[in-house]
Amino acid sequence: MENLDLKQLSTMVGVIAEEKGLPEETVLDVVQMAIAAAWRKDNGDRDMNVRALLDIKTGKATVFIGREVVEDDVAYNPTTEIPLKEAKKIKKDAEIGDVIEESEEVKDFGRVAAMTAKQVVVQRLREAERDAVFSEFEDKIGTVMTGMVARVEPKVVRIDLGKAPGIMPRSEQIDGEYYTVGERLKVYIKGVEHDETRAQLILSRGNAEFIEYLFRQEVPELENGSVEIRAIAREAGRRTKIAVMSTVPGVDPVGTFVGGRGMRVQAIMNEIGDREKIDIINWSDNPSEFIREALSPAEVTKVEINGKKAKVYVTEDQQSIAIGRQGQNVRLASKLTGYDIDIELAKAPEKKKRKNAEDSLLNALSEVSEDDTEEESGSVE
């Protein structure tokens, strides 16, 4: 057989399986598909229903050509169909609709057929690897793993997670964070992306779920349910707002997340970088109170809610704080609460004029003067 040694290929099934981390049965299926494709290339039509069996002990391969039984005396496609009369010569109890298989031993292939077989092996093994990656990491989606930066490109960072490659698109990176080849990073596994040649994991350090996962590692009270994370809004590399609550009376949720001397929140900062600020606020089921908390550190004068829109009034000295740099504070507060927030200036209360001591004295003297004048006028009369 030219350019394709079946006996050698059969002995390589186990080796390929071990190298690729695939079951031997999967690799054998791939090889048998390749043999069927090669035989079809040399001996028939691509529409033929052909399957192959390979004995990995002897290296002997057999192909089975299947054709569907159809009525006699009607037009049929000899490549895929066989008349009932002919079918009964092969199988006495054949009936219309059955599939009759005829076997043939594979002896050799032409050069083109051998190349076809190799192409099928490569393609099918890639598909099998892709499916294996998905199966292995399916239960790891939504978790954080540690990987090593393999390559830094303009639009993506390629990260090696051991058995599978992953990519972190620019949109999933922390703004302002720089990566170097060989650096070890914690990454959040968002999902698996498929293309024609392989499967790759989509990774993130810039999503809100990454922050939540990190807090779950630092705040054991989350596991026992005494505190909860109710909402997170994040602009990676700049600022994160996280709303928390307590389910146990007397437990301070914000203090629990911050930790003694700020140790817990500092551990998160050490992972994501000091450039990103984290605001931990109390969650409230009262929308007005929640919006006030979300806009912290700004002090709010009044909140008016109409549907999913909120008009928030602040004093002039609090306006820039409420809006934040480039609108960041109010933007994150809107994401956190789910309300479209507009910041308005509160009207300053009108100040009543206060009479000072001098005015009061002058008025009193004026009244005395008028009384004296009236008395003098009366005495003249």
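Before you click: residues count from 1 along each chain as its sequence is written, and side-chain values use heavy atoms, leaving out hydrogens and water. Since you're looking at a prediction, local features need pLDDT of at least 70 and side-chain atom pairs pLDDT 80 or more, while totals for chains, interfaces and linings use all residues.

Start by selecting 302-306 and 340-345: strands S13 and S15, the edges of the sheet. (Strands are DSSP E runs of at least two residues, helices H or I runs of at least four, numbered from the N terminus.) The sheet is open, ordered S13-S14-S15, with mixed pairing; strands pair if DSSP finds at least two bridges between them. Look for lysine 302, opposite tyrosine 313 in S14.

Now pick 316-323. That's helix H10, packed on the sheet and touching S14 and S15, where contact means heavy atoms within 4.5 Å. Its direction makes about 155° with that of S15; angles run from 0 to 180 degrees between N-to-C directions, with axes fitted to C-alpha atoms, for helices over the stretch in contact.

Next, show H9 (287-294) with H11 (328-337): their axes come within 9 Å, crossing at roughly 145°. Phe290, Ile291 and Ala294 of H9 meet Asn329, Ala333, Leu336 and Thr337 of H11.

Finally, zoom in on lysine 308, over the face of tyrosine 339 at 4.0 Å from the ring centre. Then jump to arginine 51, whose charged end sits over phenylalanine 64, 4.4 Å from the ring's centre. (The test: NZ of Lys or CZ of Arg within 6 Å of the ring centre and within 35 degrees of the ring normal.)
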